[in-house]
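The following exercises are intended for a reader who meets this structure for the first time. Please work through each task before reading its solution.

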Amino acid sequence: MSMPKTIYVAGSFDTKGDELRYVADLIRRQGLPAALVDLSTATPADDADINARTVARFHPGGVEAVFTGDRGSAVSAMGLAFERFILSRSDVGGVIGLGGSGGTAMVTQAMRVLPVGMPRVMVSTVAVGNVSAYVGPNDISMVNSITDIAGLNRISRTVLSNAANSIAGMVHNRQEAEQDDRPALGLTMFGVTTPCVTQIVEQLHDRFECLVFHATGIGGQSMEKLASSGYLAGVLDVTTTEVCDLLFEGILPATEERFGFLAQSTLPYVGSCGALDMVNFAGIDTVPQKYRHRNLYVHNPQITLMRTTVEENVAMGRWIGERLNRSLGPVRFLLPLGGVSLLDAPGQPFHDPEADAALFDAIESTVLQTDERRVLRVPHAINSPEFSSEAVRHFHEISRGR
């Protein structure tokens, strides 16, 4: 039988040593190897299995680049060093970390480079806020520490015990991805493009395993991470709405790296303008003052949508087109002339043919078209059966033989 892989228990021993040892002991009681990793940037410990200087040597600038005497730069450098350390190990069965904001930043930087499905648990004092910067497009489990991680007490023992037993259970019972003879495809969807994606899945599911990602910022990042990691055989990115929120202060933004995988792989890619008619805000009271006069639609008490203007559509079209120009593989970007969402259809509150036309013209004029990279006008609304059939047809055309 093969030896069980190691769970790495990471944090700053100079402030969290007792808690880290407690977690490692609990994991070992479950019959699993645990390695204590010190990420201290001030006073490294002597009793960690892997000391801070050993980790620091993995920084491109060496130990001196980590132990600078400045906490901010030291924490950033140690995070990079720990990331490179984890990538160098062949025995990683999981990672559990303890920390405040600095420790969370260091540990999760390494967690984020591990593959989807790898057990990762972060016990953190900042787990109750917006944790997207720490988690990114990954399946990292964040646990609220309740009390500060500043000594063992009746509360911290309970929380740490639950976290240690959780990661031990994940490792003991890790579910490997089920084998499926069908290649996997990534698709992006929003509520207002659901009919389109549902129809595409119905046409493709016999031949492909269709993985649908909710286009909420992290959804697009997750899809692109899987594409870059080799999990996907193709992408139908019909819902590119996250670009709206990135450029115009919405709450569900893409990052500047959106479409980045196109410059790194030759995956067949069919994209479109799904929900580029809207920017997402929270409740109506959260809409920035400068946008209060705009065409606003209260989707529900928690979400308010703002219709994009002609000028904004021109900016988005150019932004998308510039990134499509970096593609290495076959690209078909479809322009749905009948509307880009359920709210953009005739008679609906966001119907604006002038704004749509500005978007389509900007994309078409920006993209440097070749035999491999083409922008195509489709005389139908994005949620029509005709549009979904066109998307499927073009995907089959560019994926044939790959």
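**Exercise 1.** What volume does the largest cavity have? State also which residues line the largest cavity and how they divide by class.

*Solution.* The model examined here is predicted.
Step 1. The structure holds one cavity of 30 Å³ or more.
Step 2. The volume of the largest cavity is about 40 Å³.
Step 3. Its lining consists of E19, V123, S145, T147, D148, I149, S156 and L160.
Step 4. Sorted by class, the lining of the largest cavity has three nonpolar, three polar and two charged residues.

**Exercise 2.** Describe the second largest pocket by its volume, and determine which helix gives the most to its lining.

*Solution.*
Step 1. The second largest pocket has a volume of about 440 Å³.
Step 2. It is lined by 20 residues, of which E224, T255, E257, G260 and F261 are the closest to the centre of the pocket.
Step 3. Helix α9, residues 218-228, gives the most to this lining, with five residues.
Step 4. The lining of the second largest pocket comprises six nonpolar, seven polar and seven charged residues.

**Exercise 3.** Are the helices α4 and α5 roughly parallel or roughly antiparallel? Identify the residues through which they meet.

*Solution.*
Step 1. The axes of helix α4 (residues 71-88) and helix α5 (residues 101-111) come within 7 Å and cross at roughly 25 degrees.
Step 2. Angles under 35 degrees count as roughly parallel, and α4 is therefore roughly parallel to α5.
Step 3. The handedness of the crossing of α4 and α5 is right-handed.
Step 4. On the side of α4, the residues R71, V75, S76, M78, G79, L80, F82, E83 and I86 take part; they meet G102, M106, V107, Q109 and A110 in α5.
Step 5. The residues of this contact comprise eight nonpolar, four polar and two charged.

**Exercise 4.** At what angle do helix α8 and helix α13 pack, and which residues make the contact?

*Solution.*
Step 1. Helix α8 (residues 194-204) packs with helix α13 (residues 385-399) at an angle of about 45 degrees, and their axes are 9 Å apart.
Step 2. The two helices, α8 and α13, are therefore oblique to each other.
Step 3. The crossing in which α8 passes α13 is right-handed.
Step 4. From α8, the contact involves C196, Q199, I200, Q203 and L204, while α13 provides P385, F387, S388, S389, A391, V392 and H396.
Step 5. Seven residues of the contact of α8 with α13 are nonpolar and five are polar, with no charged residues.

Technical notes: Residues numbered from 1 in each chain as written. Predicted model: local features only at pLDDT ≥ 70, side-chain atom pairs only at ≥ 80, totals over all residues. Heavy atoms only, no water. 1 Å grid on protein atoms, 1.4 Å probe; cavity = no way out; pocket = protein on both sides within 12 Å on 5 of 7 lines; lining within 4 Å. Points joined across faces, edges and corners; volume = space filled by probe spheres on them. Helix = DSSP H or I, 4+ residues; strand = E, 2+ residues; numbered from the N terminus. Nonpolar A, V, L, I, M, F, W, Y, C, P; charged D, E, K, R; others polar. Axes fitted to C-alpha atoms, helices over the stretch in contact; angles between N-to-C directions. Parallel < 35°, antiparallel > 145°, perpendicular 65-115°, else oblique. Left-handed = near helix turned anticlockwise from the far one by under 90°. Contact = heavy atoms within 4.5 Å.
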